[in-house]
Amino acid sequence: QVQLVESGGGSVQPGGSLRLSCVASGIIFNFYDMGWYRQAPGKERELVAVLTSDSRTNYGDSVKGRFTISRDNAKNTVYLQMNSLKPEDTAVYYCNALLLKREYWGRGTRVTVSS
């Protein structure tokens, strides 16, 4: 079966950093576009970052310059390095895999940024 499993979430102070990981199984990882999305309480799910199979990136405006997406195809893993975290980054972060009409989601990992 297909599984995307996120890890690395937690509680951090403003200005701090976290690195999220997502390990995929059951897919040919190299062929998929991988992404991170987030959903804050009472808000719509929004794009954080996408890294395509041919190494193109796309970032949400609110995280540009602070977050970096990367992938290790040998480990079937996509990462999200989050720096200079703000309270507005508080959300559940979801891992996404996309190939044409095939799309999969992880269950999410919670990030809380507060003093």
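These legends describe close-up views of a predicted model.

**View 1. Salt bridges around Arg-38.** The side chain of Arg-38 meets that of Glu-46 in a salt bridge, with 2.7 Å from N to O. Arg-38 also forms a salt bridge with Asp-89, where the closest N and O atoms are 2.9 Å apart. Because Arg-38 lies in strand β4 (residues 33–39) and Asp-89 in the loop between β8 (77–82) and β9, this pair ties together parts that are 51 residues apart in sequence. Arg-38 is buried, at 4% relative accessible area, and Asp-89 is buried at 1%, whereas Glu-46 is partly exposed at 30%. A network of salt bridges links Arg-38, Glu-46, Arg-66 and Asp-89.

**View 2. The largest cavity and its lining.** The model has one cavity of 30 Å³ or more. The largest cavity holds about 50 Å³ of space. Among the residues that line it are Arg-38, Glu-46 and Asp-89, together with Gln-39, Lys-43 and Thr-90. The lining comprises six charged, two polar and two nonpolar residues.

**View 3. The salt bridge between Arg-56 and Asp-54.** The closest N and O atoms of this pair, Arg-56 and Asp-54, are 3.1 Å apart. Arg-56 is exposed, with a relative accessible area of 53%, and Asp-54 is partly exposed, at 47%. Five salt bridges are counted in the model.

**View 4. Leu-100 in the loop between β9 and β10.** Leu-100 lies between β9 (91–99) and β10 (102–105). Leu-100 counts as exposed because its relative accessibility is 78%, and exposed means over 50%. Leu-100 and Tyr-32 are 68 residues apart in sequence, with 8.7 Å between their C-alpha atoms.

Terms used. Residues numbered from 1 in each chain as written. Predicted model: local features only at pLDDT ≥ 70, side-chain atom pairs only at ≥ 80, totals over all residues. Heavy atoms only, no water. 1 Å grid on protein atoms, 1.4 Å probe; cavity = no way out; pocket = protein on both sides within 12 Å on 5 of 7 lines; lining within 4 Å. Points joined across faces, edges and corners; volume = space filled by probe spheres on them. Nonpolar A, V, L, I, M, F, W, Y, C, P; charged D, E, K, R; others polar. Helix = DSSP H or I, 4+ residues; strand = E, 2+ residues; numbered from the N terminus. Buried < 20%, exposed > 50% of the residue type's maximum accessible area, 1.4 Å probe, protein only. Salt bridge = Lys/Arg side-chain N within 4 Å of Asp/Glu carboxyl O.
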